Amino acid sequence: QVQLVESGGGLVTAGGSLRLSCAASGRAFITYDMGWFRQAPGKEREFVAAITISWNGVNTYYSDSVKGRFTISRDNAKKTVYLQMNSLKPEDTAVYYCAGHPTRGSIQYGDYEYDYWGQGTQVTVSS
């Protein structure tokens, strides 16, 4: 099993940056595809970014709303996944969740595809 703990959320003004971290426990981390999701008040949880394991390294995927502004990365030695968020907008305000599942060789966009979840970290972007 993998346990996930997010950190790095907070309050930032529009245009600012934050870096979220997701620390994982368990030796299986290196075999897991990892993703970030977010949920704003009154809205459904949505896909933000994912990093999947491939034969030649990793692949990254982003939702259209964050592409070009957010970057997902992972450090297997530290068992940590990061989400670097730049040029933040008020509409990025949400609780951000880290999630993972055993690699399946393809990107999974649905939150139901992920087996393990962190507790979430709040990101608030003021205008």
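The close-ups below all come from a predicted model.

**Close-up A. Arg-45 and Asp-111 pair up in a salt bridge.** The N to O distance between these two side chains is 3.2 Å. They bring together distant parts of the chain, 66 residues apart: Arg-45 sits in the loop between strand E4 (32–39) and strand E5 (46–54), while Asp-111 belongs to the loop between strand E9 (94–102) and strand E10 (116–117). Arg-45 is partly exposed, at 31% relative accessibility.

**Close-up B. Asp-92 meets Arg-69 in a salt bridge.** Here N to O comes out at 2.8 Å. Asp-92 is in the loop between E8 and E9, and Arg-69, 23 residues away, is in the loop between strand E6 (57–62) and E7. Both ends are out of the solvent by the under-20% cut-off, so they count as buried: Asp-92 has a relative accessible area of 0%, and Arg-69 has 11%.

**Close-up C. Asp-115 forms a salt bridge with Arg-104.** Their closest N and O atoms are 3.6 Å apart. Both residues lie in the loop between E9 and E10, 11 residues apart. Asp-115 is partly exposed at 42%, and Arg-104 is partly exposed at 40%.

**Close-up D. Arg-38, Glu-46, Arg-69 and Asp-92 form one network.** Salt bridges with shared partners do the joining.

**Close-up E. Ala-77 sits in the loop between strand E7 (70–75) and strand E8 (80–85).** Ala-77 is exposed, with 75% relative accessible area. Phe-29 is 48 residues away in sequence, yet the C-alpha to C-alpha distance is 9.8 Å.

Methods
Residues are numbered from 1 along each chain as its sequence is written. This is a predicted model: local features need pLDDT of at least 70, side-chain atom pairs count only at pLDDT 80 or more; totals for chains, interfaces and linings use all residues. Side-chain values use heavy atoms; hydrogens and water are left out. Helices (H or I, at least four residues) and strands (E, at least two) are DSSP runs, numbered from the N terminus. Buried means under 20% relative accessible area, exposed over 50%, partly exposed in between (1.4 Å probe, protein chains only). A salt bridge is a side-chain nitrogen of Lys or Arg within 4 Å of a carboxyl oxygen of Asp or Glu.
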